[in-house]
Amino acid sequence: VQRGLTPGGAFLLDIGDSKFYGIHVPTDHLLVDVATRAGMVLEHRHVLARRHSRDKSELVQVELVFRKPKRIKTGPMRVVRADSEIELLATEFQHALPYKQPPYDKRNWGHNLHSLCSYQGKLKPSMAHWIIRQFVCTGGRVLDPLGGVGTIPFEAALLGHQSISNDKSPFAAMVARAKLSPPSFSEARAAIDRWWHDIMSVPNDELDFSAADFGLNGTVKDFYHPKTLEEVLRARALFLRRQAISDGEAFLWASLLHVLHGNRPYALSRTSHPITPFYPQGPAVYKSVREKVLQRVILALKHPLPEGFVRGRGLHGDFRDLDGDAVGEFDDLGHALTGLG
């Protein structure tokens, strides 16, 4: 917002604090600190309403009025020259919005591996498809340093580009890796036998049942039949001790993440939401982790990849730590894309 405002421009924000599971979050104070660090000035703080949390703690809703100073006193402003070619492409993209035209406007458009695992705030595959088509030239390499579950890099790979996805979340990074370097069905079938043998070989003293007492809309143990929970905890223990895994095993972990909870027959849990784990409903019925993951793998690998698909890489870590020698070079025509994978 600070960058977008003209000097002297104002930004008004209506926001309230909250108390979540006993933890007070002073949202207004945190945002004032963020805005000040960004160069804004707080002009007014008006109390709009007073509220109470479930435990009767006092909460407040406020209006914050920030202003961008007419002169930046922290040093000279840096002027970034706009690339005329990128600007032209962006203007065309904005006017045409090709991802909103048939058949790209369909909800289920795209390769089914885009749906390998549910993920909050995932970019639409059709939008990623047209971003690649519009901004990446033939032979261009794509890096998404904040790649999420790899929607943009995977679409780039489908279109024949070398692509790399990176994310700090181990959840997202695992799914992106699975999509960018998927195994054949025979490889996945062989991997699942080894994987399951290793899971069932986890000693009982490594099962952390106390971890299943954690939860937001109910504890983890509320979601599963006791026997299913034990298998999930064995898988968790194995995942935490693994130092290196194959691409085939990465695909199994991504498949397991998808079936952990949800409102479909594939889910290991009682009936819940596939992205936000609302408190579960219905009876706790034993469901085999191995069988549910195998079913997911079969369905996910049902549709072949196009001939021009180029296998990519899914990395886990802070984008600031990316090794330039390891990931290679990317030119300055927008081939390094940051998306909401």
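**Exercise 1. Find which backbone oxygen the side chain of Ser 181 reaches, and describe where Ser 181 is found.**

Solution. In this predicted model, the side chain of Ser 181 reaches the backbone oxygen of Arg 177, and the distance is 2.8 Å. When residues up to four places away in sequence are not counted, Ser 181 touches Asp 247, Arg 311 and Gly 312. Finally, the relative accessible area of Ser 181 is 5%, and because buried means under 20%, Ser 181 counts as buried.

**Exercise 2. Work out how the rings of Tyr 119 and Phe 171 are arranged, and which parts of the chain the pair ties together.**

Solution. Begin with the whole structure, in which a search finds 11 aromatic pairs. In one of them, the rings of Tyr 119 and Phe 171 have their centres 5.8 Å apart and their planes at 35 degrees, so this pair is tilted. Next, locate the two residues: Tyr 119 lies in the loop between helix 2 (84–96) and helix 3 (125–135), whereas Phe 171 lies in helix 5 (residues 170–180), so the pair ties together parts that are 52 residues apart in sequence. As for accessibility, Tyr 119 is partly exposed at 25%, and Phe 171, at 30%, is also partly exposed. A further tilted pair is that of Phe 223 and Tyr 224, whose ring centres are 6.5 Å apart and whose planes are at 45 degrees; both of these residues are buried.

**Exercise 3. Identify the residues that form an aromatic cluster with Trp 195, and the rings over which Arg 141 and Lys 227 lie.**

Solution. Trp 195 forms one aromatic cluster together with Trp 196, Phe 239 and Trp 253. For the charged residues, the charged end of Arg 141 sits over the ring of Phe 330, at 4.6 Å from its centre, while Lys 227 lies over the face of Tyr 286, at 4.5 Å from the ring centre.

**Exercise 4. State how many disulfides a search of the whole structure finds, and decide whether Cys 117 is buried or exposed.**

Solution. A disulfide is a covalent bond between the sulfur atoms of two cysteines. The search of the whole structure finds zero disulfides. Cys 117 has a relative accessible area of 2% and is therefore buried, whereas Cys 137, with a relative accessible area of 35%, is partly exposed.

Conventions: Residues are numbered from 1 along each chain as its sequence is written. This is a predicted model: local features need pLDDT of at least 70, side-chain atom pairs count only at pLDDT 80 or more; totals for chains, interfaces and linings use all residues. Side-chain values use heavy atoms; hydrogens and water are left out. A disulfide is a pair of cysteine sulfur atoms within 2.5 Å. Buried means under 20% relative accessible area, exposed over 50%, partly exposed in between (1.4 Å probe, protein chains only). Rings of Phe, Tyr and Trp (its six-membered ring) pair if their centres lie within 6.5 Å; planes under 30 degrees apart count as stacked, over 60 as edge-to-face and the rest as tilted. Helices (H or I, at least four residues) and strands (E, at least two) are DSSP runs, numbered from the N terminus. A charge sits over a ring if NZ of Lys or CZ of Arg is within 6 Å of the ring centre and within 35 degrees of the ring normal. A polar contact is a pair of N or O atoms within 3.5 Å; within protein, one must be able to donate a hydrogen and the other to accept it, and residues adjacent in sequence count only if both atoms are side-chain atoms. Contact means heavy atoms within 4.5 Å.
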